[in-house]
Amino acid sequence: MTGGYLILERPNPGLVLSTNARFYAIIKPIHHEIKPDSWAWAWTDIRLTSPQLCRQALYKLALKNLAIQTVSPSDTRNPFVEYAIQYSVAAAYATFDQNKKELLHKLLLHGLDITILGGNDFYSYRNEIERRGLPLTPESLATLLPFSSITFNTDDADGGSCKPEVAKTGLGSSAAMTTAVVAALLHYLDVVKLSSLKDHWERKDVADLDMVHKIAQTAHCIAQGKVGSGFDVSSAVYGSQRYVRFSPEVISSTKVGDIAVPLPDSITEIIKGNWDHDTAEFSLPPLMTLLLGEPGTGGSSTPSMVGAVKKWQKSDPQKSLDTWRRLSEANSALEMQLNLLSKLAKEQWNAYKSVIDSCSMLRSDKWIEQASEPNKEAIIKALLGAKEAMLGIRYRMSQMGEAAGVPIEPESQTQLLDATVNLEGVLLAGVPGAGGFDAVFAVTLGDSSSNVTKIWSSLNVLALLVKEDPCGVCLEKADPRTNEITSAVSSIHIQ
């Protein structure tokens, strides 16, 4: 929600809201029995299934050096999952004593059957809804079956010579998928024991979550070829939070990826490294709703936009430093006002609820008229302070985009956001993350969100079904496709 671009550099924080869009990884053995002579086998089988893509990839994993080889065609490869497998197994070998290593070896000889499922919210179904002649509303999205087949962007494919890209909504699918696979494997291999509790801040398995975080961050960074800020993996593990990134050297200075170094040794270096990231509890104040909208104007390339901003920083260090300072001040102001609103809700619930209910039916220029008592006035001033801070963030982000020559808040998004923020009951509106054409978000008061989704629909914007969900990774008790309870020995489900 805040911290775009600044979050790349310590100690700038970002406010990250996780949602109920979920990736699931289901792990079970391929072979239920192993032959007596199989103990000496050097390889084990891995089967990776993506039902939504109608794809299955087969691999061989070397049990000596943990090299992974594909047995199926190369177009079915998934580097995020491949590194997740290698590094999770390496973490097991790195942390186990000799007795547990023998049990691990035996378990791995049964093979790994991995199924990955992504909730519909990660993918764009605009084309499917339009093809069915349905309106662009959340109700239309709700008619789709869970874990529907995934559609592709084929506009850029040149007569079929280019591989079409999966059409996404920009919710960090690669980070969520990597984290789910790592967590499932580490739990299955008995490296960690994850909880099924939904509230991270009440959980007792924090050390296990930290292990998942280290391995998932490393796998994700190596798969994408760079050490990013890591906020997406951190939110997948821990949920909604105030996030300050780790020092990149904790990964980049290690021998991970160096084939001359045994993988368990380099993973030991990762596990024992100085992970100096900082996470703190954060969520929206009560009676507020997060809305995400898909404008359908095409996606943006975050790496290329970040590259352009970094180039601008080098070419005009004084101006860029001033812009970043002012943007940082606006980010801090929004965080302060939202935290104040959470505090006021706890201390003066009746007044807080009354203000939210009345302001949800009014445009923000009428809110101050509801300040009939001093305690209500303090709440309304905090609401207006948050709104003002968000406008400041948008202004500085736009300023940065213009200077760097990239569309951080394109004109089409500006018109949409201005129209949104002037609707009844809308507190905030903006472009998440690095900005661009991918998505817009709004935070609404009380029951005003339904009106916003209707207006968005009339403006050709599809409001997604996702809601804020402060919970990160956790253990599931049932297959999400059937909700049937399964044996914890044979099948692990990670959300």
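Which residue stands opposite Ser-50 in β4? The residue opposite Ser-50 is Arg-55. The model is predicted, so local features need pLDDT of at least 70 and side-chain atom pairs count only at pLDDT 80 or more, while totals for chains, interfaces and linings use all residues. Residues are numbered from 1 along each chain as its sequence is written, and side-chain values use heavy atoms, with hydrogens and water left out. Helices (H or I, at least four residues) and strands (E, at least two) are DSSP runs, numbered from the N terminus.

**Hairpins**

- Strand β3 (residues 43-50) pairs with strand β4 (residues 55-62) in the antiparallel sense, over 8 bridges; two strands pair if DSSP finds at least two bridges between them.
- The hairpin of β3 and β4 has 4 residues between the strands, and Cys-54 takes a positive phi near 55° there.
- β4 also pairs with strand β5 (residues 68-70), in the antiparallel sense and over 3 bridges.
- Tyr-59 has Thr-70 in β5 as its bridge partner.
- Between β4 and β5 the hairpin has 5 residues, and Leu-66 in the turn has a positive phi of about 60°.

**Open sheet**

- Four strands form an open sheet in the order β12-β13-β11-β14, with antiparallel pairing.
- β12 (426-430) and β14 stand at the edges with a single partner strand each, so one side of each has no neighbour in the sheet.
- Strands of a sheet pair through backbone hydrogen bonds, either parallel or antiparallel.
- Strand β11 (residues 288-294) and strand β13 (residues 440-445) are paired in the antiparallel sense over 6 bridges.
- Phe-441 in β13 is the bridge partner of Leu-292.
- Helix α13 lies across β11, β12 and β13 and runs at about 15° to β12; axes are lines fitted to C-alpha atoms, for helices over the stretch in contact, and angles run from 0 to 180 degrees between N-to-C directions.

**Nonpolar cores**

- A nonpolar core is a set of buried Ala, Val, Leu, Ile, Met, Phe, Trp, Tyr and Cys residues joined through side-chain atoms within 4.5 Å.
- Buried means under 20% relative accessible area, exposed over 50%, and partly exposed in between (1.4 Å probe, protein chains only).
- The largest nonpolar core has 128 residues, of which Met-1, Tyr-5, Leu-383 and Leu-427 touch the most other members.
- Leaving aside neighbours within four places in sequence, Met-1 is in contact (heavy atoms within 4.5 Å) with Leu-15, Leu-17, Phe-282, Leu-284, Leu-338, Leu-428, Phe-441 and Val-443.
- A second, separate core of 14 residues includes Leu-291, Ala-429, Val-452 and Ala-463.
- In soluble globular proteins, nonpolar side chains tend to be buried together.

**Salt bridges**

- The model has 20 salt bridges, each a side-chain nitrogen of Lys or Arg within 4 Å of a carboxyl oxygen of Asp or Glu.
- Arg-22 forms a salt bridge with Asp-469, and their closest N and O atoms are 2.8 Å apart.
- Arg-22 is in the loop between β1 (13-16) and β2 (23-28) and Asp-469 is in the loop between β14 (462-463) and β15 (475-476), so the pair ties together parts 447 residues apart in sequence.
- Arg-22 is buried, at 8% relative accessible area.
- Asp-357 and Lys-353 form a salt bridge through their side chains (2.9 Å, N to O).
- Both Asp-357 and Lys-353 lie in helix α12 (residues 349-359), 4 residues apart, which is about one helical turn.
- Asp-357 is partly exposed at 32% relative accessibility, and Lys-353 is partly exposed at 36%.
- In the salt bridge of Lys-381 with Glu-377, the closest N and O atoms are 3.2 Å apart.
- Helix α13 (residues 374-404) holds both Lys-381 and Glu-377, 4 residues apart, about one turn of the helix.
- Glu-377 is partly exposed, with a relative accessible area of 31%.

**Two loop residues**

- Ser-360 is in the loop between α12 and α13 and is buried, at 10% relative accessible area.
- The side chain of Ser-360 reaches the backbone oxygen of Asp-357 at 2.7 Å.
- Not counting residues up to four places away in sequence, Ser-360 touches Glu-424, Gly-425, Leu-445, Gly-446, Asp-447 and Ser-448.
- Leu-459, in the loop between α15 (449-458) and β14, is partly exposed at 42% relative accessibility.
- Leu-459 and Ala-419 are 40 residues apart in sequence and 9.8 Å apart in space, C-alpha to C-alpha.

Conventions: Polar contact = N/O pair within 3.5 Å; in protein donor to acceptor, adjacent residues only side chain to side chain.
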